[in-house]
Amino acid sequence: MRSVEEQQARVAAAAVAPRPVRVAIAESQGLMCAEEVVTERPMPGFDQAAIDGYAVRSVDVVGVGSDSEDGGEISLPVMGVIEAGARTPSRLQPRQAARVQTGAPMPTLADAVLPLRWTDGGENRVRVLRGVRSGAYVRRTGDDVQPGDVAVRAGTIIGPAQVGLLAAVGRDKVLVHPRPRLSVMCVGGELVDVSRTPGTGQVYDVNSYALAAAGRDAGAEVNRVGIISTDPRELRETVEGQVNRNEIVVIAGAVGGAAAESVRTVLSELGDMEVARIAMHPGSVQGFGQLGRDRVPVFLLPANPVSALVVFEIMVRPLIRLSLGKRQPMRRIVQARTLSPITSMPGRKGYLRGQLMRDQDTGEYLVQALGGAPGASTHLLATLAEANCLVIVPADVEEVRTGETVDVAFLAQRG
(Lines give C-alpha, C1' and ligand atoms only; values in the text may rest on other atoms or scores of the structure.)
Protein backbone atom coordinates (compact mmCIF):
# COMPACT_ATOMS: atom_id res chain seq x y z
CA MET A 1 0.00 0.00 0.00
CA ARG A 2 1.46 3.35 -1.06
CA SER A 3 1.52 6.32 1.30
CA VAL A 4 -0.44 9.49 0.61
CA GLU A 5 2.77 11.49 0.37
CA GLU A 6 4.26 9.11 -2.20
CA GLN A 7 1.15 9.34 -4.37
CA GLN A 8 1.05 13.14 -4.07
CA ALA A 9 4.68 13.28 -5.21
CA ARG A 10 3.87 11.16 -8.27
CA VAL A 11 0.98 13.46 -9.12
CA ALA A 12 2.98 16.67 -8.54
CA ALA A 13 5.70 15.45 -10.90
CA ALA A 14 3.12 15.53 -13.71
CA ALA A 15 2.22 19.20 -13.19
CA VAL A 16 2.69 21.28 -16.33
CA ALA A 17 1.48 24.86 -16.68
CA PRO A 18 -0.50 25.52 -19.88
CA ARG A 19 1.16 27.61 -22.59
CA PRO A 20 0.96 31.34 -21.83
CA VAL A 21 -1.79 33.35 -23.49
CA ARG A 22 -2.46 37.07 -23.77
CA VAL A 23 -5.68 38.16 -22.10
CA ALA A 24 -7.44 41.40 -21.25
CA ILE A 25 -6.35 42.68 -17.84
CA ALA A 26 -9.97 42.45 -16.66
CA GLU A 27 -9.72 38.67 -17.13
CA SER A 28 -6.26 38.24 -15.61
CA GLN A 29 -7.11 38.25 -11.90
CA GLY A 30 -5.94 35.13 -10.09
CA LEU A 31 -3.63 34.06 -12.92
CA MET A 32 0.16 33.98 -12.91
CA CYS A 33 1.90 36.65 -14.97
CA ALA A 34 4.08 35.14 -17.71
CA GLU A 35 6.07 38.24 -18.68
CA GLU A 36 8.03 41.10 -17.20
CA VAL A 37 5.75 44.11 -17.66
CA VAL A 38 8.15 47.03 -18.17
CA THR A 39 6.77 50.56 -18.06
CA GLU A 40 7.37 52.84 -21.02
CA ARG A 41 6.39 56.15 -19.45
CA PRO A 42 6.49 57.70 -16.00
CA MET A 43 3.54 57.48 -13.64
CA PRO A 44 2.17 59.98 -12.98
CA GLY A 45 3.06 61.49 -16.31
CA PHE A 46 2.97 65.08 -14.99
CA ASP A 47 3.18 66.97 -11.71
CA GLN A 48 -0.31 66.86 -10.21
CA ALA A 49 -2.15 68.02 -7.12
CA ALA A 50 -2.52 65.27 -4.53
CA ILE A 51 -5.45 66.99 -2.78
CA ASP A 52 -8.02 69.75 -3.37
CA GLY A 53 -6.55 73.12 -2.47
CA TYR A 54 -4.50 75.99 -3.87
CA ALA A 55 -1.34 75.62 -5.95
CA VAL A 56 1.27 78.09 -4.70
CA ARG A 57 4.96 78.86 -4.67
CA SER A 58 6.14 77.69 -1.26
CA VAL A 59 8.48 80.68 -1.04
CA ASP A 60 5.45 83.00 -1.11
CA VAL A 61 3.89 81.43 2.00
CA VAL A 62 7.00 80.53 3.98
CA GLY A 63 6.64 81.26 7.70
CA VAL A 64 2.91 81.96 7.56
CA GLY A 65 1.23 80.74 10.73
CA SER A 66 4.52 80.27 12.59
CA ASP A 67 5.31 81.69 16.01
CA SER A 68 7.75 84.28 14.63
CA GLU A 69 6.91 88.00 14.60
CA ASP A 70 6.41 88.02 10.81
CA GLY A 71 4.43 84.77 10.82
CA GLY A 72 0.99 86.32 10.44
CA GLU A 73 -1.61 85.58 7.82
CA ILE A 74 -1.35 86.74 4.18
CA SER A 75 -3.73 86.73 1.22
CA LEU A 76 -3.00 85.91 -2.41
CA PRO A 77 -4.99 86.61 -5.58
CA VAL A 78 -6.51 83.48 -7.16
CA MET A 79 -5.70 83.33 -10.87
CA GLY A 80 -8.39 80.71 -11.64
CA VAL A 81 -9.45 77.12 -11.21
CA ILE A 82 -7.56 74.13 -12.66
CA GLU A 83 -9.70 71.01 -12.87
CA ALA A 84 -8.59 67.39 -13.07
CA GLY A 85 -8.11 66.54 -16.72
CA ALA A 86 -7.30 70.13 -17.76
CA ARG A 87 -5.15 70.09 -20.90
CA THR A 88 -4.36 73.80 -21.29
CA PRO A 89 -1.00 74.72 -19.69
CA SER A 90 -1.09 77.42 -17.04
CA ARG A 91 1.58 79.51 -15.36
CA LEU A 92 1.61 80.89 -11.86
CA GLN A 93 3.03 84.35 -11.27
CA PRO A 94 4.90 85.26 -8.08
CA ARG A 95 2.60 85.80 -5.09
CA GLN A 96 -0.38 84.18 -6.84
CA ALA A 97 -2.45 81.05 -6.15
CA ALA A 98 -4.54 78.77 -8.33
CA ARG A 99 -7.47 76.69 -7.07
CA VAL A 100 -6.76 73.03 -7.99
CA GLN A 101 -8.67 69.79 -7.82
CA THR A 102 -7.14 66.45 -6.84
CA GLY A 103 -5.30 65.10 -9.90
CA ALA A 104 -5.16 68.47 -11.67
CA PRO A 105 -1.90 69.39 -13.43
CA MET A 106 0.20 71.83 -11.45
CA PRO A 107 0.75 75.24 -13.04
CA THR A 108 4.31 76.19 -13.96
CA LEU A 109 6.33 77.65 -11.03
CA ALA A 110 3.94 76.17 -8.41
CA ASP A 111 5.73 73.68 -6.19
CA ALA A 112 3.19 72.96 -3.42
CA VAL A 113 -0.53 72.71 -2.70
CA LEU A 114 -2.18 74.47 0.23
CA PRO A 115 -4.88 72.25 1.76
CA LEU A 116 -8.30 73.90 1.88
CA ARG A 117 -8.31 73.63 5.68
CA TRP A 118 -5.31 75.94 5.85
CA THR A 119 -7.16 78.70 3.99
CA ASP A 120 -10.45 80.58 4.12
CA GLY A 121 -11.54 78.98 0.80
CA GLY A 122 -11.72 82.32 -1.01
CA GLU A 123 -12.54 82.47 -4.72
CA ASN A 124 -10.92 85.75 -5.88
CA ARG A 125 -8.46 86.08 -3.05
CA VAL A 126 -7.46 83.38 -0.60
CA ARG A 127 -6.36 84.03 2.94
CA VAL A 128 -3.47 81.76 3.89
CA LEU A 129 -3.55 80.59 7.50
CA ARG A 130 -0.49 78.33 7.36
CA GLY A 131 2.46 77.88 5.06
CA VAL A 132 3.65 74.73 3.23
CA ARG A 133 7.05 73.39 2.30
CA SER A 134 8.17 72.79 -1.27
CA GLY A 135 6.70 69.57 -2.69
CA ALA A 136 3.91 69.34 -0.13
CA TYR A 137 0.76 67.58 -1.45
CA VAL A 138 2.19 67.26 -4.95
CA ARG A 139 2.64 63.99 -6.85
CA ARG A 140 5.76 64.51 -8.93
CA THR A 141 6.28 63.07 -12.39
CA GLY A 142 7.44 59.46 -12.02
CA ASP A 143 6.86 59.28 -8.25
CA ASP A 144 5.17 55.89 -8.64
CA VAL A 145 6.92 54.40 -11.66
CA GLN A 146 9.81 55.49 -13.86
CA PRO A 147 10.32 54.39 -17.49
CA GLY A 148 12.08 51.02 -17.47
CA ASP A 149 10.73 49.97 -14.07
CA VAL A 150 9.12 46.53 -13.83
CA ALA A 151 5.46 47.05 -12.97
CA VAL A 152 4.54 43.35 -12.66
CA ARG A 153 7.13 40.58 -12.55
CA ALA A 154 6.85 37.20 -14.24
CA GLY A 155 5.62 34.63 -11.74
CA THR A 156 3.47 37.11 -9.83
CA ILE A 157 -0.12 36.08 -9.14
CA ILE A 158 -2.21 38.94 -10.49
CA GLY A 159 -4.50 40.45 -7.87
CA PRO A 160 -6.48 43.70 -7.69
CA ALA A 161 -3.34 45.81 -7.10
CA GLN A 162 -1.57 44.30 -10.12
CA VAL A 163 -4.64 44.83 -12.32
CA GLY A 164 -4.71 48.46 -11.23
CA LEU A 165 -1.00 48.90 -11.90
CA LEU A 166 -1.31 47.35 -15.36
CA ALA A 167 -4.08 49.81 -16.14
CA ALA A 168 -2.05 52.68 -14.70
CA VAL A 169 0.88 51.98 -17.05
CA GLY A 170 -1.40 51.73 -20.07
CA ARG A 171 -1.53 47.95 -20.55
CA ASP A 172 -4.89 46.59 -21.70
CA LYS A 173 -3.59 43.01 -22.12
CA VAL A 174 -1.03 40.87 -20.33
CA LEU A 175 0.63 37.50 -20.95
CA VAL A 176 -0.47 34.96 -18.32
CA HIS A 177 -0.40 31.27 -17.60
CA PRO A 178 -4.09 30.40 -18.15
CA ARG A 179 -6.28 28.30 -15.94
CA PRO A 180 -5.66 24.60 -16.57
CA ARG A 181 -8.53 23.00 -18.45
CA LEU A 182 -10.17 20.21 -16.47
CA SER A 183 -12.57 17.65 -17.92
CA VAL A 184 -14.89 15.76 -15.55
CA MET A 185 -16.85 12.67 -16.54
CA CYS A 186 -18.49 9.67 -14.86
CA VAL A 187 -19.08 6.03 -15.71
CA GLY A 188 -21.71 3.74 -14.24
CA GLY A 189 -24.75 1.94 -15.60
CA GLU A 190 -26.76 3.05 -12.60
CA LEU A 191 -26.32 6.77 -13.26
CA VAL A 192 -28.89 9.18 -14.70
CA ASP A 193 -28.60 12.93 -15.09
CA VAL A 194 -30.41 15.18 -12.63
CA SER A 195 -32.75 16.27 -15.43
CA ARG A 196 -34.28 12.77 -15.51
CA THR A 197 -36.24 10.74 -12.96
CA PRO A 198 -34.24 7.72 -11.77
CA GLY A 199 -35.86 4.33 -12.20
CA THR A 200 -35.42 1.21 -10.13
CA GLY A 201 -31.73 0.66 -9.39
CA GLN A 202 -30.74 4.07 -10.73
CA VAL A 203 -29.22 7.06 -8.93
CA TYR A 204 -28.51 10.63 -9.88
CA ASP A 205 -25.11 11.54 -11.28
CA VAL A 206 -23.72 13.46 -8.33
CA ASN A 207 -20.01 13.23 -9.08
CA SER A 208 -19.79 15.12 -12.35
CA TYR A 209 -21.54 18.13 -10.78
CA ALA A 210 -19.70 18.00 -7.45
CA LEU A 211 -16.26 17.42 -8.96
CA ALA A 212 -16.78 20.11 -11.60
CA ALA A 213 -17.62 22.55 -8.79
CA ALA A 214 -14.51 21.44 -6.88
CA GLY A 215 -12.42 22.05 -10.01
CA ARG A 216 -13.77 25.57 -10.44
CA ASP A 217 -13.16 26.24 -6.75
CA ALA A 218 -9.53 25.19 -7.22
CA GLY A 219 -9.15 27.63 -10.14
CA ALA A 220 -9.53 25.38 -13.19
CA GLU A 221 -11.52 26.02 -16.34
CA VAL A 222 -13.95 23.11 -16.16
CA ASN A 223 -15.73 21.10 -18.83
CA ARG A 224 -18.36 18.83 -17.26
CA VAL A 225 -18.86 16.02 -19.76
CA GLY A 226 -21.25 14.11 -17.50
CA ILE A 227 -22.11 10.44 -17.92
CA ILE A 228 -20.17 8.60 -20.63
CA SER A 229 -20.68 5.25 -22.28
CA THR A 230 -18.59 2.26 -21.25
CA ASP A 231 -18.75 0.78 -24.74
CA PRO A 232 -15.02 0.32 -25.52
CA ARG A 233 -15.10 2.19 -28.84
CA GLU A 234 -17.22 5.10 -27.58
CA LEU A 235 -15.26 5.28 -24.34
CA ARG A 236 -11.95 5.47 -26.13
CA GLU A 237 -13.17 8.19 -28.50
CA THR A 238 -14.57 10.25 -25.62
CA VAL A 239 -11.54 9.98 -23.37
CA GLU A 240 -9.09 10.52 -26.22
CA GLY A 241 -10.97 13.65 -27.28
CA GLN A 242 -10.93 15.04 -23.74
CA VAL A 243 -7.24 14.22 -23.26
CA ASN A 244 -6.39 16.09 -26.47
CA ARG A 245 -8.11 19.31 -25.35
CA ASN A 246 -7.52 19.43 -21.59
CA GLU A 247 -4.60 19.57 -19.17
CA ILE A 248 -6.28 17.36 -16.53
CA VAL A 249 -8.98 14.67 -16.86
CA VAL A 250 -11.02 13.16 -14.02
CA ILE A 251 -13.18 10.04 -14.41
CA ALA A 252 -15.34 9.06 -11.44
CA GLY A 253 -16.64 5.53 -10.96
CA ALA A 254 -13.69 3.96 -12.73
CA VAL A 255 -12.21 2.01 -9.80
CA GLY A 256 -13.70 -1.18 -8.39
CA GLY A 257 -16.01 -3.66 -10.09
CA ALA A 258 -16.14 -5.32 -13.51
CA ALA A 259 -17.18 -2.11 -15.31
CA ALA A 260 -14.18 -0.28 -13.92
CA GLU A 261 -11.91 -3.08 -15.10
CA SER A 262 -13.13 -2.65 -18.68
CA VAL A 263 -12.58 1.12 -18.41
CA ARG A 264 -9.00 0.63 -17.28
CA THR A 265 -8.39 -1.79 -20.18
CA VAL A 266 -9.44 0.88 -22.68
CA LEU A 267 -7.43 3.60 -20.94
CA SER A 268 -4.28 1.46 -20.97
CA GLU A 269 -4.39 1.68 -24.77
CA LEU A 270 -3.91 5.45 -24.50
CA GLY A 271 -0.94 5.49 -22.12
CA ASP A 272 0.22 4.57 -18.64
CA MET A 273 -2.56 4.07 -16.13
CA GLU A 274 -2.21 2.57 -12.66
CA VAL A 275 -4.87 1.75 -10.10
CA ALA A 276 -3.36 1.48 -6.65
CA ARG A 277 -4.38 1.24 -3.02
CA ILE A 278 -3.32 4.37 -1.16
CA ALA A 279 -3.00 4.41 2.62
CA MET A 280 -5.83 6.87 3.17
CA HIS A 281 -9.54 6.81 3.88
CA PRO A 282 -12.01 7.42 2.48
CA GLY A 283 -11.00 6.74 -1.14
CA SER A 284 -8.10 4.34 -0.73
CA VAL A 285 -8.54 2.74 -4.17
CA GLN A 286 -7.78 5.28 -6.88
CA GLY A 287 -6.10 5.53 -10.24
CA PHE A 288 -3.61 7.90 -11.81
CA GLY A 289 -1.80 7.92 -15.12
CA GLN A 290 -0.67 10.04 -18.04
CA LEU A 291 -2.45 9.49 -21.33
CA GLY A 292 -2.17 10.70 -24.91
CA ARG A 293 0.71 12.18 -26.84
CA ASP A 294 1.10 14.99 -24.30
CA ARG A 295 0.95 12.61 -21.31
CA VAL A 296 -2.02 14.40 -19.77
CA PRO A 297 -2.66 13.59 -16.07
CA VAL A 298 -5.79 11.42 -15.75
CA PHE A 299 -7.37 10.49 -12.41
CA LEU A 300 -9.71 7.58 -11.71
CA LEU A 301 -11.87 8.31 -8.67
CA PRO A 302 -14.28 6.16 -6.63
CA ALA A 303 -17.99 6.13 -7.41
CA ASN A 304 -18.96 7.19 -3.88
CA PRO A 305 -19.38 11.00 -3.94
CA VAL A 306 -17.75 11.59 -0.53
CA SER A 307 -14.75 9.42 -1.39
CA ALA A 308 -14.48 11.06 -4.82
CA LEU A 309 -14.50 14.56 -3.33
CA VAL A 310 -11.91 13.67 -0.70
CA VAL A 311 -9.58 12.12 -3.29
CA PHE A 312 -10.09 15.18 -5.48
CA GLU A 313 -9.19 17.44 -2.55
CA ILE A 314 -6.05 15.51 -1.64
CA MET A 315 -4.74 14.58 -5.10
CA VAL A 316 -6.35 16.61 -7.90
CA ARG A 317 -6.68 20.04 -6.30
CA PRO A 318 -2.94 20.39 -5.54
CA LEU A 319 -2.15 19.59 -9.18
CA ILE A 320 -4.50 22.33 -10.35
CA ARG A 321 -2.91 24.80 -7.95
CA LEU A 322 0.59 23.85 -9.10
CA SER A 323 -0.48 24.31 -12.72
CA LEU A 324 -1.68 27.80 -11.80
CA GLY A 325 1.78 28.56 -10.43
CA LYS A 326 0.71 28.71 -6.78
CA ARG A 327 3.68 28.49 -4.43
CA GLN A 328 1.59 26.72 -1.80
CA PRO A 329 -0.78 24.24 -3.48
CA MET A 330 -2.05 22.66 -0.26
CA ARG A 331 -4.80 23.91 2.02
CA ARG A 332 -3.93 25.84 5.15
CA ILE A 333 -3.32 23.50 8.08
CA VAL A 334 -4.16 24.55 11.64
CA GLN A 335 -4.13 22.66 14.92
CA ALA A 336 -7.43 22.28 16.74
CA ARG A 337 -8.66 20.66 19.92
CA THR A 338 -11.31 17.98 19.41
CA LEU A 339 -14.77 18.37 20.93
CA SER A 340 -15.70 14.72 20.43
CA PRO A 341 -13.88 11.40 19.99
CA ILE A 342 -12.72 10.39 16.50
CA THR A 343 -12.03 6.90 15.25
CA SER A 344 -9.89 6.19 12.22
CA MET A 345 -8.90 3.12 10.21
CA PRO A 346 -5.58 1.64 11.34
CA GLY A 347 -2.77 1.89 8.81
CA ARG A 348 -4.50 4.59 6.75
CA LYS A 349 -4.28 8.37 6.97
CA GLY A 350 -7.75 9.66 7.73
CA TYR A 351 -9.37 12.71 6.12
CA LEU A 352 -12.55 13.04 8.14
CA ARG A 353 -15.23 15.69 7.94
CA GLY A 354 -15.50 18.29 10.66
CA GLN A 355 -16.65 21.77 11.64
CA LEU A 356 -13.84 24.12 12.63
CA MET A 357 -14.61 26.80 15.19
CA ARG A 358 -12.63 29.30 17.24
CA ASP A 359 -12.94 30.12 20.90
CA GLN A 360 -13.73 33.84 21.12
CA ASP A 361 -11.98 34.21 24.47
CA THR A 362 -8.77 32.27 23.90
CA GLY A 363 -8.50 32.26 20.10
CA GLU A 364 -7.99 28.49 20.22
CA TYR A 365 -9.23 26.41 17.28
CA LEU A 366 -11.83 23.77 18.11
CA VAL A 367 -13.11 21.01 15.83
CA GLN A 368 -16.29 18.96 15.97
CA ALA A 369 -16.03 15.69 14.08
CA LEU A 370 -18.94 14.99 11.73
CA GLY A 371 -17.95 11.71 10.14
CA GLY A 372 -15.42 10.23 12.51
CA ALA A 373 -17.36 9.58 15.68
CA PRO A 374 -17.60 5.98 16.80
CA GLY A 375 -20.10 4.09 14.65
CA ALA A 376 -20.61 6.94 12.16
CA SER A 377 -20.60 6.32 8.41
CA THR A 378 -17.80 7.82 6.34
CA HIS A 379 -20.00 8.03 3.23
CA LEU A 380 -22.68 10.59 4.06
CA LEU A 381 -22.70 13.43 1.53
CA ALA A 382 -24.93 15.57 3.76
CA THR A 383 -22.26 15.77 6.45
CA LEU A 384 -19.64 16.71 3.87
CA ALA A 385 -21.85 19.64 2.86
CA GLU A 386 -21.91 20.74 6.52
CA ALA A 387 -18.15 20.42 6.93
CA ASN A 388 -15.76 23.34 6.64
CA CYS A 389 -12.63 21.29 7.27
CA LEU A 390 -11.01 17.89 7.03
CA VAL A 391 -9.60 16.42 10.22
CA ILE A 392 -6.30 14.73 9.39
CA VAL A 393 -5.62 11.62 11.46
CA PRO A 394 -2.16 9.99 11.08
CA ALA A 395 -2.03 6.43 9.77
CA ASP A 396 -0.73 5.08 13.09
CA VAL A 397 -3.59 6.57 15.14
CA GLU A 398 -6.83 4.62 15.56
CA GLU A 399 -8.60 6.87 18.02
CA VAL A 400 -8.41 10.53 19.00
CA ARG A 401 -9.89 11.30 22.39
CA THR A 402 -11.92 14.39 23.24
CA GLY A 403 -9.63 17.32 24.03
CA GLU A 404 -6.63 16.06 22.04
CA THR A 405 -5.01 18.19 19.33
CA VAL A 406 -5.26 17.26 15.65
CA ASP A 407 -4.22 18.78 12.33
CA VAL A 408 -7.10 20.30 10.38
CA ALA A 409 -7.20 21.34 6.72
CA PHE A 410 -9.44 24.41 6.47
CA LEU A 411 -11.79 24.19 3.46
CA ALA A 412 -12.02 27.94 2.94
CA GLN A 413 -14.93 29.03 0.78
CA ARG A 414 -14.20 31.26 -2.22
CA GLY A 415 -16.06 34.51 -1.82
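## A buried arginine

Arg348 is buried yet forms no salt bridge, and the nearest side chain of opposite charge, Glu398, is 12 Å away. The model described here is a predicted one. A salt bridge needs a side-chain nitrogen of Lys or Arg within 4 Å of a carboxyl oxygen of Asp or Glu, so Glu398, at 12 Å from Arg348, does not qualify as a partner.

Where in the chain does Arg348 lie? Arg348 sits in the loop between strand E23 (342–343) and strand E24 (349–358). What does the side chain of Arg348 make a polar contact with? The partner is the side chain of Ser284, at 3.3 Å. Leaving aside neighbours within four places in sequence, Arg348 is in contact with Met1, Arg277, Ala279, Met280, His281, Ser284, Val393, Pro394 and Ala395.

## Salt bridges

How many salt bridges does the count come to? The count comes to 21 salt bridges. One of them joins the side chains of Asp120 and Arg127, at 4.0 Å from N to O. Asp120 is partly exposed, with a relative accessible area of 41%. Arg127 also counts as partly exposed, at 37% relative accessibility.

The side chains of Arg295 and Asp272 meet in another salt bridge, at 3.4 Å from N to O. This pair links distant parts of the chain: Arg295 is in the loop between E20 and strand E21 (296–301), Asp272 is in strand E18 (residues 271–277), and the two are 23 residues apart. Arg295 is partly exposed, its relative accessible area being 41%.

Glu364 forms a salt bridge with Arg337, with the closest N and O atoms 2.9 Å apart. Here too the pair links distant parts of the chain, 27 residues apart: Glu364 belongs to the loop between E24 and strand E25 (365–369), and Arg337 to strand E22 (residues 333–338). Glu364 counts as partly exposed at 31% relative accessibility, and Arg337 is partly exposed at 28%. Elsewhere, salt bridges that share partners join Asp217, Glu313, Arg317 and Arg331 into one network.

## A sheet of three strands

In what order do the strands of the open sheet stand? Three strands form this sheet in the order E1-E12-E2, and the pairing is antiparallel. Strand E1 (21–24) and strand E2 (32–33) stand at the edges; each has a single partner strand, so one side of each is left without a neighbour in the sheet.

E1 and strand E12 (residues 173–177) pair in the antiparallel sense over four bridges. Within the sheet, Ala24 stands opposite Lys173 in E12.

## Helix H4

Helix H4 (residues 232–245) has 14 residues. From its first C-alpha to its last, H4 reaches 20 Å, close to the 20 Å expected at 1.5 Å a residue.

Which residues of H4 are buried? They are Leu235, Val239, Gly241, Gln242 and Val243. An α-helix has 3.6 residues a turn, so residues three or four places apart point the same way. Leu235, Val239 and Val243 are among the buried residues of H4, and their numbering can be compared with that spacing.

## Cis peptide bonds

A cis peptide bond joins Met43 and Pro44, with omega at about -5 degrees. Pro44 is found in the loop between strand E3 (37–38) and strand E4 (48–49).

A cis peptide bond also joins His281 and Pro282, and omega there is about -5 degrees. Pro282 lies in the loop between strand E19 (280–281) and strand E20 (285–291).

## Positive phi angles

Phi of Arg95 is near 60 degrees, a positive value in a residue other than glycine. Arg95 counts as partly exposed, at 46% relative accessibility.

Leu109 has a positive phi of about 85 degrees although it is not a glycine. Leu109 is found in the loop between E7 and strand E8 (112–115). With a relative accessible area of 39%, Leu109 is partly exposed.

Terms used:
Residues are numbered from 1 along each chain as its sequence is written. This is a predicted model: local features need pLDDT of at least 70, side-chain atom pairs count only at pLDDT 80 or more; totals for chains, interfaces and linings use all residues. Side-chain values use heavy atoms; hydrogens and water are left out. Two strands pair if DSSP finds at least two bridges between them. Buried means under 20% relative accessible area, exposed over 50%, partly exposed in between (1.4 Å probe, protein chains only). The expected span of a helix is 1.5 Å times one less than its number of residues. Lys and Arg count as positive and Asp and Glu as negative; His and the chain ends are not counted. A polar contact is a pair of N or O atoms within 3.5 Å; within protein, one must be able to donate a hydrogen and the other to accept it, and residues adjacent in sequence count only if both atoms are side-chain atoms. Contact means heavy atoms within 4.5 Å.
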